[in-house]
Amino acid sequence: MLPLDIDALTGCLASSACLVTQTTSGFIIGMLLFLVAVGLTLIFGVLKVVNFSHGAFYMFGAYFAMTAYQLTGSFALAMLCGAAGTAILGLVFERGFMSRVYGADVLMQLLVCYAFVLIFDDVVRMIWGPEFKSMGMPAAFQVAPLFIAGGVVPPYYLLLIGVALAAAAILGLGLARTRIGKVIRAAAHNPGMVSALGINTGLIYGGVFALGGMLAGLAGALAAPVRSLTPGMGFSVLIESFIVTVIGGMGSILGALIGALLIGMIRSFGSLGFPLFTEGLMYLFMVIVLVSRPTGLFGKEVA
Amino acid sequence: MTELPADQGAQALDVPQPHVKTRRNRDVLIALAAFVVLALLPMVFSSKFLLDFVIRCAAYGLFATSLNLLIGYTGLTSFGHGMFFGLGAYGFGLMMQKTGVSVPVAFVATLAITFVTALVIGAICVRLKEIYFAFVTLAFQMLIHSTILSWVSLTGGDQGLRGGIPRPPFWGIDLSNHLHLYVTSCALLVIGLFLMHQIAQSPFGYTLRMIRDNATRASFIGIDVWRAKLTIFVLAALFASTGGVIMALFVSGAYPEFAYWTISGEGIFINMLGGVTTFLGPMVGTVLLLILNDTVTRLTEYHGLVLGIVILFFAIGLRKGLMDFVIEWYAQRRDRRGK
């Protein structure tokens, strides 16, 4: 019943060229997912809410970047616009709406996010139109691809992986070493205490939401040259990054990184061996992790 | 230790059995009356639009009320309940198209498929804490949706099940006749609501409320929380699937949108709109949402935008459903008058 193509998979595993190509493609899927998922997991860790509209930030990042690129022609500025625009959006969204439902039950939080998924998708449709858009590869990266062990690797992929890894490193070190990082971790642990020490927790919450939104926006901006843009593009990314956080463990940055790379590889190699069952493979993996370790690979017991 | 003779022990608790029986009789009467009123409706208003509206209410109402069994009664915020709606529509449609069995057989077989699927998915999900439960059910919904999209040879992919669903007459009922379809949908709705009300009022229903309020305490007094949650998850799935069957019969097909996550989102919104504290709240919510949907689609193409703003008004402005609001208002007024 299920279309299997094991020959294609084993054939690829035997050839170094195919192996390199598929691994790179797995890496870029994984890295984009990581940027979205780490924001999701960070927001959950500190604010204890799952931002169900997180995919919309990814979408806005891509659209902002496309518009900025079309207006200025500068790729760096496009990335900046994607990230900064969604950061502001995240701050407004958290302070204006999400902060009103912290005390309420999950149902209310889901509903507010559901409302915004609907609104954001329609806003994008209004501004940019319902059809597929593409940003196009910036001129600076329209160069001959690199050949590594016979596999084709476009230079843009390397930039994408590099930027995502840099973001991961800055985020990880920032949370572990800086004063702000310490305050954020303290707020995740005991917001009442932090607030009693004279720190504005509202500001921390807004800031963390903005940071999460910014990371998703950056992912969208990075993806804009290699993906087609459409209203609703954020939703499948949201589901996948949620699977990533479930696998890695909610609230764990390392878990998000490992989970994202695993999902990236499953998608990349799965599309060879099980073309119609790639998504199913992801879910299967999630179920296995959930059944064996309900809090995820790197999740803490109390979540 | 000597055993006490049966009649010397503590008095058995006076369980009000007759009361239960009269209440069930009353429910039967109400159900019958509701069915008679609905069935006689075409004699008074013969507008096809109204009958279509009632059929859609039956499909979504069963779905939304079954979701309330999970959200309102058990505290399980499922964000993937729509998968069973889609499963019902596709299961029934495929059964009728591919195997040529009679309608009742296909209906029962669809329920059997739903039962098995819900049992497997539920067994994985109900153990999870609330936000995990919400998202993992959502993830399964998307898995079913993407399976429908990619398994083109069976499901027709994004085109849906086309070519119409054959509806051979059975027991003197011809579902291709609009009036017969209407009466059958009403019957399914009334029977479904009656059964769900019996579940909600049964001792099991009260066990569910206890799990919602304090799962730890429930497990201390010997309730198998996991089994109770799984049972209601499967039961709710069966009613949602019945809603899907009505929908498939109504449109004579099945489309991927029936299994898309927005159906689950709408179901949650219906519950919010009608309120989860009353049994019939979701039915009120269904009627309101369908009227809202029909009006909004007629007025603007930005349907999501308007719906989103309405949802925000309820979630952030009112902070409760309409029925909850009305009931609280009524109770306050009565209290004031009492003083």
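The largest nonpolar core has 210 residues, and A:Phe52 and B:Phe269 are those with the most contacts inside it. A nonpolar core is here a set of buried Ala, Val, Leu, Ile, Met, Phe, Trp, Tyr and Cys residues joined through side-chain atoms within 4.5 Å. Buried means under 20% relative accessible area, exposed over 50%, and partly exposed in between, with a 1.4 Å probe and protein chains only. Not counting residues up to four places away in sequence, B:Phe269 touches A:Leu111 and A:Tyr114 as well as B:Leu289, B:Leu307, B:Val310, B:Ile311 and B:Phe314, contact being defined as heavy atoms within 4.5 Å.

This is a predicted model, in which local features need pLDDT of at least 70 and side-chain atom pairs count only at pLDDT 80 or more, while totals for chains, interfaces and linings use all residues. Residues are numbered from 1 along each chain as its sequence is written, chains are lettered from A and ligands numbered from 1 in the order in which they are written, and side-chain values use heavy atoms, with hydrogens and water left out.

**The interface**

The size of an interface is often given as the accessible area lost when the parts come together. Chain B and chain A bury about 3,800 Å² between them, with 84% of it on carbon and sulfur atoms; buried area is the accessible area (1.4 Å probe) that two parts lose on being put together, summed over both. In chain B, the residues that lose the most area to chain A are B:Tyr132, B:Phe135 and B:Tyr302, which together account for 18% of what that side buries. The contact takes 40 residues from chain B and 38 residues from chain A.

Across this interface of chain B and chain A, the rule finds zero salt bridges, a salt bridge being a side-chain nitrogen of Lys or Arg within 4 Å of a carboxyl oxygen of Asp or Glu. The rule does find four residue pairs in polar contact across the interface of chain B and chain A, both residues being at pLDDT 80 or more. A polar contact is a pair of N or O atoms within 3.5 Å; within protein, one must be able to donate a hydrogen and the other to accept it, and residues adjacent in sequence count only if both atoms are side-chain atoms.

On the side of chain B that touches chain A, α5 (130-150), α11 (261-274) and α13 (303-318) of chain B each supply at least two residues, and the largest share, 13 residues, comes from α5(B). Helices (H or I, at least four residues) and strands (E, at least two) are DSSP runs, numbered from the N terminus. The residues of that side of chain B divide into 28 nonpolar, eight polar and four charged, where Ala, Val, Leu, Ile, Met, Phe, Trp, Tyr, Cys and Pro count as nonpolar, Asp, Glu, Lys and Arg as charged, and the others, Gly among them, as polar.

**Salt bridges**

A search of the whole structure finds seven salt bridges over all chains, including those tabulated here.

| Pair | N to O distance |
|---|---|
| A:Asp122 and A:Arg125 | 2.6 Å |
| B:Arg56 and B:Asp294 | 2.9 Å |
| B:Arg227 and B:Asp224 | 3.9 Å |

B:Arg56 in helix α2 of chain B and B:Asp294 in helix α12 (residues 281-299) of chain B are 238 residues apart, so that the pair links distant parts of the chain, and both B:Arg56 and B:Asp294 are buried. A:Asp122 and A:Arg125 are separated by about one helical turn because they are three residues apart in helix α5 (residues 106-128) of chain A. A:Asp122 is buried at 3% relative accessibility, whereas A:Arg125 is partly exposed at 31%. B:Arg227 counts as exposed at 56% relative accessibility, and B:Asp224 is partly exposed at 40%.

**Local sites**

B:Thr65, in helix α2 of chain B, is buried with a relative accessible area of 1%. Leaving aside neighbours within four places in sequence, B:Thr65 is in contact with B:Leu193, B:Met196, B:Phe279, B:Pro282 and B:Met283. The buried residues of α8(B) pack against α2 (48-74), α7 (178-201), α9 (215-220) and α10 (225-251) of chain B.

A:Lys48 lies in the loop between α2 (16-47) and α3 (54-72) of chain A and has a positive phi of about 60° although it is not a glycine. Most residues other than glycine have a negative phi.
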